Amino acid sequence: MSVLDRLIIRELTGPIVNSIFMFLAVLFGGAYLFQITDLLVQGAPFSLVLQIALFTLPVLVTQAFPMGMLLGTLLAFGRLSGDSEHVALFGCGVSMMRIARPVAVVGLVVSVAAFLWNEIVVPPAQVAFYDLRHSARENIEAGARPMDYIIRRDDGTVDQVVTIQGGYDAEQRRFRGVTILKMSDDPLRVGQPEVIVYAEYAEPRGTDPKGRDWVYHNVFITYLRPDPDRRTFLDTYSERASTVTLPRNVRMGRDFKGVLAQTPLDNRTMSFRALRAEIEQDSARGENTLGAQVDLWEKLSLPLASVIFGLVAAPLGLRPHRGSKAMGFGIAIGIIFAYWVLYRWMYTLGKGGGIPPMLASFTGCLIGLVVAGILIYRARQ
């Protein structure tokens with residue numbers, strides 16, 4: 001390792017570590033602080049809430065890695081620029097491409113660390129987080145408090161509306177007064193109701209996170225499309241039904257813990273290999289897996305963003321008037337905001353089938369790489 005590499009890596013290390021912790025605090029405050037405060041106010045034990053708070057951190061660390069790399073590189077190169085060290089390097093014939101090489105190495109190390117963290121630490125921590133939050137909610141939600149939630153398709157349209165009018169029966173561990181309104185799957189009847197299923201109570205029979213394994217009791221089913229021969233609506237009744245025997249694609253859409261905690265499906269509870277295996281199984285059943293595929297490739301694209309952010313930040317930091325921490329933070333927030341807007345746009349297109357899921361996940365990185373190349377090329381000018 002040359003003296004130049006050691007100099008730049010030493011300058012990068014402190015700002016990157018500090019920036020990661022700063023963004024971790026910001027993300028925690030924005031995403032979970034109010035939820036945790038609500039649990040305390042509603043009477044959840046302090047020790048349980050503290051555990052919930054601790055298990056929210058691992059998934060935020062994965063997001064804080066690329067953000068910390070971006071701001072840390074901006075601050076480090078702003079300091080080099082403020083001392084005119086980049087002028088000395090250029091004067092000695094050192095190119096910007098050479099200066100950016102240790103940044104790429106550090107970014108690669110951060111990316112590998114983020115990927116391993118996301119694979120090894122995040123899935124069990126996310127499962128523990130939902131289990132703990134479920135334990136807190138189980139006592140809070142006990143009683144006749146109504147609940148409801150919406151199940152959406154990958155393109156964002158409403159698939160089903162689930163209403164639990166009778167609330168949660170903590171003693172029997174079941175939900176009372178469950179109504180499922182299913183929208184039509186026919187492309188010509190998008191947004192039109194197809195069938196209503198009402199069950200006196202429903203209880204889970206397994207732990208499938210997609211809510212495919214439920215038992216329903218005293219079930220009334222009303223088809224909202226009239227019989228073309230009789231011109232009347234069809235009604236059926238069953239003392240007991242399961243997800244398999246209900247009309248096609250009618251389901252609770254969540255497992256027991258997900259219904260109680262109002263938690264949507266979260267692919268962060270699975271590693272890359274586990275999620276890929278589930279996608280293969282769901283594809284074999286004929287289910288739409290586009291959204292899950294975008295999440296799968298995000299497990300690679302999000303850690304890779306650390307390298308891209310570092311390469312973008314290095315030439316941006318080589319300006320004397322951008323050397324202050326406040327200005328560096330402002331630039332970092334702007335770049336992060338633009339990245340997430342682009343990512344969410346691509347994510348929506350990928351889920352809807354507008355573009356391939358892999359391209360949807362990596363579009364932000366590809367655009368960032370092009371921008372980094374342009375900035376590095378023009379840096380000495």
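Helices (H or I, at least four residues) and strands (E, at least two) are DSSP runs, numbered from the N terminus. The model is predicted, so local features need pLDDT of at least 70 and side-chain atom pairs count only at pLDDT 80 or more, while totals for chains, interfaces and linings use all residues. Residues are numbered from 1 along each chain as its sequence is written, and side-chain values use heavy atoms, with hydrogens and water left out.

The chain has 11 helices and seven strands. Of its 381 residues, 47% are buried, where buried means under 20% relative accessible area, exposed over 50%, and partly exposed in between (1.4 Å probe, protein chains only). Among contacts with a separation of 6 or more, 70% are between residues 24 or more positions apart; contact means heavy atoms within 4.5 Å.

Helix H9 covers residues 290-317, which is 28 residues. From its first C-alpha to its last it reaches 38 Å, close to the expected 40 Å, a span taken as 1.5 Å times one less than the number of residues. H9 bends by about 40° at Glu298, the bend being the angle between axes fitted to the seven residues ending there and the seven starting there. Because 22 of its 28 residues are buried, H9 is largely enclosed by the rest of the structure.

The next topic is the nonpolar cores. A nonpolar core is a set of buried Ala, Val, Leu, Ile, Met, Phe, Trp, Tyr and Cys residues joined through side-chain atoms within 4.5 Å. The largest holds 63 residues, of which Leu12, Phe77, Met96 and Ile99 touch the most other members. Helix H3 (residues 46-82) gives the most to this core, with 18 residues. Leaving aside neighbours within four places in sequence, Leu12 is in contact with Gly72, Thr73, Ala76, Phe77, Val103 and Val106. Apart from this core lies another, of 23 residues, including Tyr149, Ile180, Val250 and Met252.

Strand E4 (residues 174-183) is mostly covered, with seven of its 10 residues buried. Two strands pair if DSSP finds at least two bridges between them. E4 pairs with strand E2 (residues 158-164) in the antiparallel sense over five bridges, and Ile164 has Val178 in E4 as its bridge partner. Strand E3 (residues 168-169) also pairs antiparallel with E4, over two bridges; here the partner of Asp169 is Arg174. E3 and E4 form a hairpin with four residues between them, and Arg173 in the turn has a positive phi of about 55°. Eight bridges join E4 to strand E5 (residues 193-204), and these two strands run antiparallel. Lys182 stands opposite Val195 in E5.

Positive phi values also occur at two asparagines. Asn218 has a positive phi of about 50° although it is not a glycine. Asn218 is found in strand E6 (residues 214-223), and its relative accessible area of 22% makes it partly exposed. Asn249 has a positive phi near 70° and is likewise not a glycine. Asn249 is found in the loop between strand E7 (234-242) and helix H7 (256-260), and at 36% relative accessibility it counts as partly exposed.
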